[in-house]
Amino acid sequence: MNTTIIEDAEEASITLDAICEMAATMNETYEKMKRIPKHLYGQYYLHEKEKYDARPATRRYNGWKLQEWDESFNCLKDMQTLVVAVFLTSRSLRFSRTPTMWEVAEVQLDLVKKHMPCGFVYCRDFKEMCARFRRYNWWEGDILKLDYESLGKYLLQNFHRMTDEERQAFFDLDVMVELINEDIRKVMPKPEPPTLSPCSEEKEMPEKRIRKSIALLMEERYGDEPLFNLQGHWQAVYRILVDKGYCRDSDFDGFDAFIRTVMPEKVNKPYKKESVKQISQTDFVKPFDEWSFDKQVSKTRKPFDRMVAITRRFREILDENNL
């Protein structure tokens, strides 16, 4: 009897020691993960992708091409939306950070559903899953690109909580997206070559004139200080470029790519995509000509009037440069 009690106590002690050792190892692992450079997460993702057998997904894609639809641009866009929806419905991103209200509000669910087949069964939190997915991709026009660094970090940090099927869903999506992108490039409408004018190089290069216009905006004064003096004032640039058709409304990734191309070397406040995305929570989400002060949103009048002045002046500068 006494021997049994002693053995049980020793076993309990050994088990507790093992648990403490595991806890210390886990803490050490988490500390090391904090110091991993971003590019290594991308390499980890590609390393895991090499283990994946892409043939089943490729066969499914080729089967859809043969049996379900033609290879027109519109059908490829429908298929692009469908494969993403299938991935999101698997809820493989459920361990990512819960989206905020503004992230969910930016999801254009009606536009997504227009491309989806009738009768598709969405998961109960599909819109929230769409908001999560936006953190792991970006767009180059109609080409969907996956962020391997962010996906690699997610897969590594949540490896122990995911099933093999859930991890495979990421690579299924990746293969499908690559195949669709390849076909989209083949059928994408070719842009007409520009009509060259010997009179003015500027007419051939609107990007140059937009860069010049932003530089001029930065020189404007508002009393004894620069007119453009807050990071949030980039929303004025976004609003007018959208209103004039140079960027698409709510396509913040597209705007991000465009503004980094045309931004002058010197600016009063550094540009950040996150500050522009906050426009959805302000009075400035509507076209400029529809703006009106709402004290429930803007609360105080001076910041609203300042933004109106910046936006109006930027539009005037673009007009003066024939944009």
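Trainee: Where does K277 lie in this model?

Mentor: The model is a predicted one. K277 lies in helix α13, residues 273-277.

Trainee: How do you know that K277 has no salt bridge?

Mentor: Set the distance against the cut-off. The nearest side chain of opposite charge, E106, is 4.2 Å away. A salt bridge needs a side-chain nitrogen within 4 Å of a carboxyl oxygen. Therefore K277 has none, although K277 is buried.

Trainee: Which residues does K277 touch, leaving out residues up to four places away in sequence?

Mentor: W102, E106 and F252. Contact means heavy atoms within 4.5 Å. The contact cut-off is 4.5 Å and the salt-bridge cut-off is 4 Å, so E106 can be touched by K277 and still form no salt bridge with K277.

Trainee: Why is F284 called buried?

Mentor: F284 has 7% relative accessibility. The limit for buried is under 20%, so F284 counts as buried. F284 sits in the loop between α13 and α14. Residues up to four places away in sequence aside, F284 touches Q235, R239, I279, W291, F304 and M307.

Trainee: How far apart are F284 and T311 in sequence and in space?

Mentor: They are 27 residues apart in sequence and 9.9 Å apart in space, C-alpha to C-alpha.

Trainee: What is the phi of S250, and what makes that value worth noting?

Mentor: The phi of S250 is positive, about 70°, and S250 is not a glycine. Most residues other than glycine have a negative phi. S250 lies in the loop between α11 and α12. G245, which follows α11, also has a positive phi, near 85°.

Trainee: Why is S250 called partly exposed, while N322 is called exposed?

Mentor: Compare each value with the limits. S250 has a relative accessible area of 29%. Partly exposed runs between the buried limit of 20% and the exposed limit of 50%, so S250 is partly exposed. N322 has 66%. Exposed means over 50%, so N322 is exposed. N322 lies in the segment after α14, and its phi is positive too, near 60°.

Trainee: What is the volume of the largest pocket, and which residues are closest to its centre?

Mentor: The volume is about 830 Å³. Of its 27 lining residues, Q108, L111, V112, R134 and W139 are the closest to the centre. Helix α4 gives the most to this lining, with 6 residues.

Trainee: How do the residues of that lining divide by class in the largest pocket?

Mentor: There are 12 nonpolar, 7 polar and 8 charged residues.

Trainee: What is the volume of the second largest pocket, and which residues are closest to its centre?

Mentor: About 570 Å³. Of the 23 residues that line this pocket, the closest to its centre are R97, R134, R135, Y136 and S150. Helix α8 gives the largest share, 4 residues.

Trainee: How many lining residues of the second largest pocket count as charged?

Mentor: The lining has 11 charged residues, alongside 7 nonpolar and 5 polar ones. Asp, Glu, Lys and Arg count as charged.

Notes: Residues numbered from 1 in each chain as written. Predicted model: local features only at pLDDT ≥ 70, side-chain atom pairs only at ≥ 80, totals over all residues. Heavy atoms only, no water. Helix = DSSP H or I, 4+ residues; strand = E, 2+ residues; numbered from the N terminus. Buried < 20%, exposed > 50% of the residue type's maximum accessible area, 1.4 Å probe, protein only. Lys, Arg positive; Asp, Glu negative; His and termini not counted. 1 Å grid on protein atoms, 1.4 Å probe; cavity = no way out; pocket = protein on both sides within 12 Å on 5 of 7 lines; lining within 4 Å. Points joined across faces, edges and corners; volume = space filled by probe spheres on them.
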